[in-house]
Amino acid sequence: MTKTKPNSVVYPGFFDPITLGHLNIIERASQIYEQVIVAIAADSPKKSLITIEDRMRLVQDACSKFDNVAVEMFNGLLMRYVKSKPSHVILRGIRTVSDFEYEFQMSLANKKLESSIETVFMMTDAKYSFLSSTLIKEIARLNGNISEMVPEQVEKKMKEIFGYELTC
């Protein structure tokens, strides 16, 4: 039996919030795959700062320039969600060696759970290698400038959450 090559990929994450590093991965993946599904996890071991509804809206807004990117929410085990999709390929972004170690461990666990699903790693552009959602939240909490780290709508949302005005 001949398997067809994947024409889509699932890029899962919490996106709390989405950063320009995430968008770098999404944009590059959209040039490789016919469809990129950005899958926003509703379940998290951490408490989310941004509601799932707002994360969906912010990611949809940030991805609106890509014709072949869909944004969906999922609950529960990632492998069940990916198995329900036409392509059984997960895309994971890598910034640092520590990211690779974590993602490698996760991909092995995922492979054990569902052997038909593959994980593909993509390095983010070096200029975004320091970005993380945790870092963005901390800078925003302290009223720091995140304008070159996140989409404009995310910057506005963070300022709304932390209760300060946009600065020029």
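User: Where is Asn-143 found in this structure?

Analyst: Asn-143 is in the loop between H5 and H6. Before we go on, this is a predicted model, in which local features need pLDDT of at least 70, side-chain atom pairs count only at pLDDT 80 or more, and totals for chains, interfaces and linings use all residues. Residues are numbered from 1 along each chain as its sequence is written, and side-chain values use heavy atoms, with hydrogens and water left out.

User: Why does Asn-143 count as partly exposed?

Analyst: Buried means under 20% relative accessible area, exposed means over 50%, and partly exposed is in between, with a 1.4 Å probe and protein chains only. Asn-143 has 43% relative accessibility, so it counts as partly exposed. Its phi is also positive, about 60°, although Asn-143 is not a glycine.

User: What makes Phe-15 buried?

Analyst: Its relative accessible area is 4%, and therefore Phe-15 is buried. Phe-15 has its place in the loop between E1 and H1, and its phi is near 50°, a positive value in a residue other than glycine. Pro-17 lies in the loop between E1 and H1 too, and the peptide bond from Asp-16 to Pro-17 is cis, with omega near 5°.

User: How do you know whether Gln-31 is buried or exposed?

Analyst: Gln-31 has a relative accessible area of 60%, so it is exposed. This residue lies in helix H1. Gln-31 and Asn-68 are 37 residues apart in sequence, and their C-alpha atoms are 9.1 Å apart in space.

User: What makes Gln-105 exposed?

Analyst: Here the relative accessible area is 54%, so Gln-105 is exposed. Gln-105 is part of helix H4. From Gln-105 to Leu-20 there are 85 residues in sequence and 25 Å in space, C-alpha to C-alpha.

User: Why does His-88 count as partly exposed?

Analyst: His-88 is at 24% relative accessibility, so it counts as partly exposed. You will find His-88 in the loop between helix H3 (78-83) and E4. Contact means heavy atoms within 4.5 Å. Leaving aside neighbours within four places in sequence, His-88 is in contact with Val-82, Lys-83, Ser-116, Ile-117 and Glu-118.

User: Why is Ser-132 called buried?

Analyst: Ser-132 has a relative accessible area of 19%, so it is buried. Its place is in the loop between strand E5 (118-123) and H5. Apart from neighbours within four places in sequence, Ser-132 is in contact with Thr-19 and Arg-95.

User: Why are H2 and H6 called roughly antiparallel?

Analyst: Two packed helices are described by the angle between their axes and the distance between the axes. Helix H2 (residues 52-63) and helix H6 (residues 152-162) pack at an angle of about 150°, and their axes are 9 Å apart. Axes are lines fitted to C-alpha atoms, for helices over the stretch in contact, and angles run from 0 to 180 degrees between N-to-C directions. Under 35 degrees counts as roughly parallel, over 145 as roughly antiparallel, 65 to 115 as roughly perpendicular and the rest as oblique. H2 and H6 are therefore roughly antiparallel to each other.

User: Which residues of H2 and H6 meet?

Analyst: Asp-54, Arg-57, Leu-58 and Asp-61 in H2 meet Gln-153, Val-154 and Lys-157 in H6. By class, this contact of H2 with H6 has 2 nonpolar, 1 polar and 4 charged residues. Ala, Val, Leu, Ile, Met, Phe, Trp, Tyr, Cys and Pro count as nonpolar, Asp, Glu, Lys and Arg as charged, and the others, Gly among them, as polar. The buried residues of H6 are Val-154, Glu-155, Lys-157, Met-158 and Lys-159, and they pack against H2 and H5. After H6 comes Gly-163, with a positive phi near 75°.

User: Which element gives the most to the lining of the largest pocket?

Analyst: H4 gives the most to that lining, with 6 residues. By class, the lining of the largest pocket has 15 nonpolar, 15 polar and 9 charged residues.

Key:
Helices (H or I, at least four residues) and strands (E, at least two) are DSSP runs, numbered from the N terminus.
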